[in-house]
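Subject: Handing over the two-chain structure

Hello,

I am passing a structure on to you, and I would be glad if you read my notes beside it.

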Amino acid sequence: MSGVLVVMEQRGGNWNRMSFEALAAGQQLAAKLGVECSAVVAGDGVASLSAELTGKKLAKVFTVEHPLLKTYTADGYVAALEQVVKQAAPAYVVFPHTYQVRDFAPALATRFGQVLISDVIAVHDGPVFVRQLLQGKLNADYKQTGAGPCFVSVQAGTFRADAVEAGAAAVEAFAPTLDAARIRNKPGELFRESAQTVDLSAAPVIVSVGRGIGEQENIGIVEELAKALGAELAASRPICDNGWLPMERQVGSSGQTVSPKLYLAVGISGAIQHLVGMKGSKTVIAINKDENAPIFEVADYGVVGNLFEVVPALTKAVLAAKG
Amino acid sequence: MKILVAIKQVPERDAQVHVAADGKWIDESDLNYTINEPDAYALEEALQLKEKNGGEVVVVCAGPERVTSTLREALAKGADRAIHIEADDLGERDTLGVARILADAMKVESPDLVLTGLQSDDLGLGQTGVVLAELLGIPHATIIMHVEVTGGGLKVKRELEDGWFQHVEMPLPALLTIQSGGNKLRYATLMGIKKAKTKETKTVQAAAAAASPAIMLERVYLPEKQKKTEMLTGTPDQVAAKIVEKLKFEVRVI
């Protein structure tokens, strides 16, 4: 048992771009350990995707094809990848931490009596895998202690897709044995609730509000600040969950990903799911009462204070500055 | 329909946490605990399914004595029974170890449906539900916003990235991990709190932990800053003036 195997993700013949971040992570882990890195693509009719990987520095590219893998199901993926992992016998299996991976990788690890080390943000010598705890308030070092392969998923934005090393790889076809009767879920087509009318990704300035606002009626003060700045109003998930602002204004892993010139976070603690949606912002200003809030880790400017005092004062100052 | 809801007790979201002296977990003295928020949504979904389709809602929680307060709260909100899996060593069990003791307690109940939150607010590994389904040998679907009982099973609405969704049909028994925000959470009523006192809480002993877990948390620590943050201090007016300076001359959005 040796080597690193990266499980790439595709849907309908299109890559999930996070796969290449996982590929970079896998290559770097393999280099650190002095072992080979391979990749696997599962689906039906994914030969052209595999061909794309032959130009990467990989020992092998496993093309796992079966009509039952055309549409994703956890049962199909777990069964197919269990067979691949048994044959390839890697010491490490690396995934991008996508919604799909969250749906099947824990079950796959269970088949091997192992536990997925999920949502990893760094890999140190050892290897030690770093992940976040308590909504990002603390970091934790995890180590594999089991004897089986070590399953790891990497957080979006942790590794750079453009760091994937080029090279030459051989494709190996793998035909898994799958039984339609053992695929219990029937997935439907993907859909969106309604046409998104708010495109936050194009906004140069975003003022975003979080749980710290306390009550729906308090959102007005943040709205006024957004108006003064000519900014789009956005929110973290709890605000939209409560129905205080529409879901289409949500920034984060389940909402929109933004990278404005200015992201002004008001009363947002900075849970991981929110940070992945805004950490590409050019400048981040955070106003929060808790000096240990994780939002300050990605902020360029921070204000520890009462937002109910700071926000109205800021609105006034912005309006005055604009004359 | 018999619905089991696996809930976890976690430190309150706005708790000030400090690393424990041994550096392996947080200092648990003076911490206030509450129900893991996604699990509260799982409980809410279970209660609404029962209201629509009838049946029974049983809440299951593993942990030391203190978790019984979270179970009582779930009973006050409307769960019919509670099962407390007594375990003082959750920290030494990995996801598989915790899922095993949950599965042990659940198998004897033969549930039609098992619900849990999509992830915990403390460890956030986001996989106990999926591992539990695997151990129970039942199908699962994750990050679920809406559940509908159909003739032969369930039709669920699964959340995907970037505002996409998908309907999935599945047979029963099944396990779902519930996303927050699908429903509005209810509060316990005075009547509910009174009634909870007459409801059954069964205590079962967790089986001994496996000799060695598959993964181990070795050390917890404050994260290193990814950016150098300049803190702006002063009265609200002074802070506002400083921010405007930055917006004008550095960020250049005014």
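Predicted model: local features only at pLDDT ≥ 70, side-chain atom pairs only at ≥ 80, totals over all residues.

Residues are numbered from 1 along each chain as its sequence is written, and chains are lettered from A and ligands numbered from 1 in the order in which they are written.

**The two chains**

Chain A has eight helices and 17 strands, where helices (H or I, at least four residues) and strands (E, at least two) are DSSP runs numbered from the N terminus. Its C-alpha trace spans about 70 × 45 × 35 Å along the principal axes, and of the 323 residues in chain A, 55% are buried. A residue is called buried if 20 or more other C-beta atoms, placed from the backbone, lie within 10 Å of its own, exposed if 12 or fewer do, and partly exposed in between. Chain B has six helices and 13 strands, its C-alpha atoms fill a box of roughly 65 × 45 × 40 Å along the principal axes, and 46% of its 254 residues are buried. Two residues are in contact if their C-beta atoms, placed from the backbone, lie within 7 Å; among contacts with a separation of 6 or more, residues 24 or more positions apart account for 66% in chain A and for 70% in chain B.

**The nonpolar cores**

A nonpolar core is a set of buried Ala, Val, Leu, Ile, Met, Phe, Trp, Tyr and Cys residues joined through C-beta atoms within 7 Å. The largest has 130 residues, of which Val94(A), Val5(B), Val59(B), Val60(B) and Leu102(B) touch the most other members. Its largest share, nine residues, comes from helix H3 (residues 74-88) of chain A.

**Helices**

In helix H1 (residues 18-33) of chain A, 12 of the 16 residues are buried, so H1(A) is largely enclosed by the rest of the structure. Those buried residues, including Phe20(A) and Leu23(A), pack against several strands of chain A, among them strand S1 (4-7) and strand S6 (92-96).

Helix H5 (residues 219-229) of chain A has Val222(A), Leu225(A), Ala226(A) and Leu229(A) buried. They cover an arc of only 100° around the axis, which puts them on the same side of H5(A); the arc is that of the directions from the helix axis to the C-beta atoms. What covers them includes strand S14 (232-235) and helix H8 (307-322) of chain A.

In chain B, seven of the 10 residues of helix H2 (residues 68-77) are buried, so H2(B) is also largely enclosed by the rest of the structure.

**A sheet with strands from both chains**

Ten strands form an open sheet with mixed pairing, in the order S12(A)-S9(B)-S8(B)-S7(B)-S10(B)-S6(B)-S1(B)-S4(B)-S5(B)-S11(B), where two strands pair if DSSP finds at least two bridges between them. The edge strands, each pairing on one side only, are strand S12 (186-192) of chain A and strand S11 (200-205) of chain B. Strand S5 (residues 81-86) of chain B runs parallel to S11(B) and is joined to it by six bridges, with Ile85(B) standing opposite Val204(B).

Most residues other than glycine have a negative phi, and most peptide bonds are trans. Ala89(A), however, has a positive phi near 45°, and with 12 C-beta neighbours inside 10 Å it counts as exposed. Gln135(A) has a positive phi near 60°, but with 21 C-beta neighbours inside 10 Å it counts as buried. The peptide bond from Gly126(A) to Pro127(A) is cis, with omega near -5°, and the bond from Leu172(B) to Pro173(B) is cis, with omega near -5°.

Best wishes
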